[in-house]
Amino acid sequence: MTFYDGIYPFYPLQRSPFIFDISLLVVILVFSVLAVSFLFILPGIRGKSRLFWMFRIIISLFIGVVLVALNFTGDWAEASVKANATYKSFSNAVVSAEVGLHVGLYGINITLKGEPVSQINETIDYNEIFRWSSSVDEQYSDALERGLPNPILYIAEKFTRNSACGLIYQYRYSGRFASANLWTAFCCWLVANVLFSMPVILYAGYMMIATAAFIFFSMASFSTIFSVTSCDFSIGAESLRTDYSHSFWIALATGLLCAVIGLVVVLLDCLFPARIREVFSVGVDNEDDECHTGEGYLNSGFLEGVIYDNNTQTGNSSMSQQITTLTRL
């Protein structure tokens with residue numbers, strides 16, 4: 001039902017599409033500032049170790065930012081399809097659009113982008129977030145009140161508690177366990193960086209292996225969403241099927257990187273312990289720190305007085321011993 005010129009009277013005006021997650025932006029900015037700050041220190045490092053320190057800083061910060069950012073990304077699993085679908089309720093208008101489902105650890109993003117974007121006197125470009133932190137049923141009710149397009153409402157309804165699919169339970173708990181493992185991996189990464197600055201390089205390698213292990217645990221936790229009974233998402237004549245996406249493969253690459261670093265550090269520490277401590281600039285005595293005793297001048301008068309006092313005390317003690325012996329006799 002339209003009012004005039006294709007305008008729907010009972011729905012609010014079109015909202016701007018979701019552009020970028022603020023939490024993810026804050027994470028990137030914080031680690032960018034840290035990277036720039038550490039790079040400013042590099043000119044003060046002498047010799048060939050400057051290149052090693054630069055490589056070490058970049059790799060370490062890359063692992064850290066990935067571990068934090070993966071908690072806020074929305075593309076661990078994705079699905080998209082191009083179809084002709086009914087646009088909104090109480091209307092026979094059909095639009096040609098690309099419908100997408102993006103699954104993250106915190107919730108899901110449902111996108112709808114028209115092809116072309118401008119159709120039936122509207123700009124069709126939606127990106128709606130449904131978070132696990134609050135009730136999906138309430139968010140779905142709010143979406144109904146706002147009059148979101150039918151494809152978005154159809155997919156969102158599959159994640160409500162009353163849906164026969166029951167996706168909400170598996171997706172929510174899988175995301176929470178995966179996020180918890182990622183934060184644990186981040187803590188292991190922090191401990192590893194502290195240990196790399198101490199003469200316990202072997203344990204730093206162990207912590208990097210632990211970091212990799214918790215990353216793999218998070219991936220295994222998220223993969224359980226595919227163990228639930230398949231629920232069909234039919235959009236027009238097409239269907240949506242989710243599959244692993246960018247964040248999942250980035251997590252895999254980061255986990256393998258941490259595992260390789262940890263294994264290499266442990267192996268080198270067992271084979272060349274002194275050499276690897278020298279490379280990391282820990283547990284090595286520098287020549288500048290050693291104390292050397294140079295030439296000096298002694299007061300001969302003071303020494304003669306000390307020698308005389310010692311001789312006097314020795315003589316007195318010997319005399320007292322002789323007197324004691326004669327007394328006993």
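Start by selecting strands β2 (residues 94–103) and β3 (residues 107–119), which pair in the antiparallel sense over seven bridges; strands here are DSSP runs (E, at least two residues) numbered from the N terminus, and two of them pair if DSSP finds at least two bridges between them. This is a predicted model, in which local features need pLDDT of at least 70, side-chain atom pairs count only at pLDDT 80 or more, and totals for chains, interfaces and linings use all residues. Residues are numbered from 1 along each chain as its sequence is written, and side-chain values use heavy atoms, leaving out hydrogens and water.

Stay with this pair: β2 and β3 form a hairpin with three residues between them. Click on Gly-100 and you will find Thr-111 as its bridge partner in β3.

Now show the whole open sheet of five strands, in the order β4-β3-β2-β1-β7. β4 (122–131) and β7 (243–244) stand at the edges with a single partner strand each, so one side of each has no neighbour in the sheet. Along β4, look for Phe-130, opposite Ile-108.

Key: Buried means under 20% relative accessible area, exposed over 50%, partly exposed in between (1.4 Å probe, protein chains only). Helices (H or I, at least four residues) and strands (E, at least two) are DSSP runs, numbered from the N terminus.
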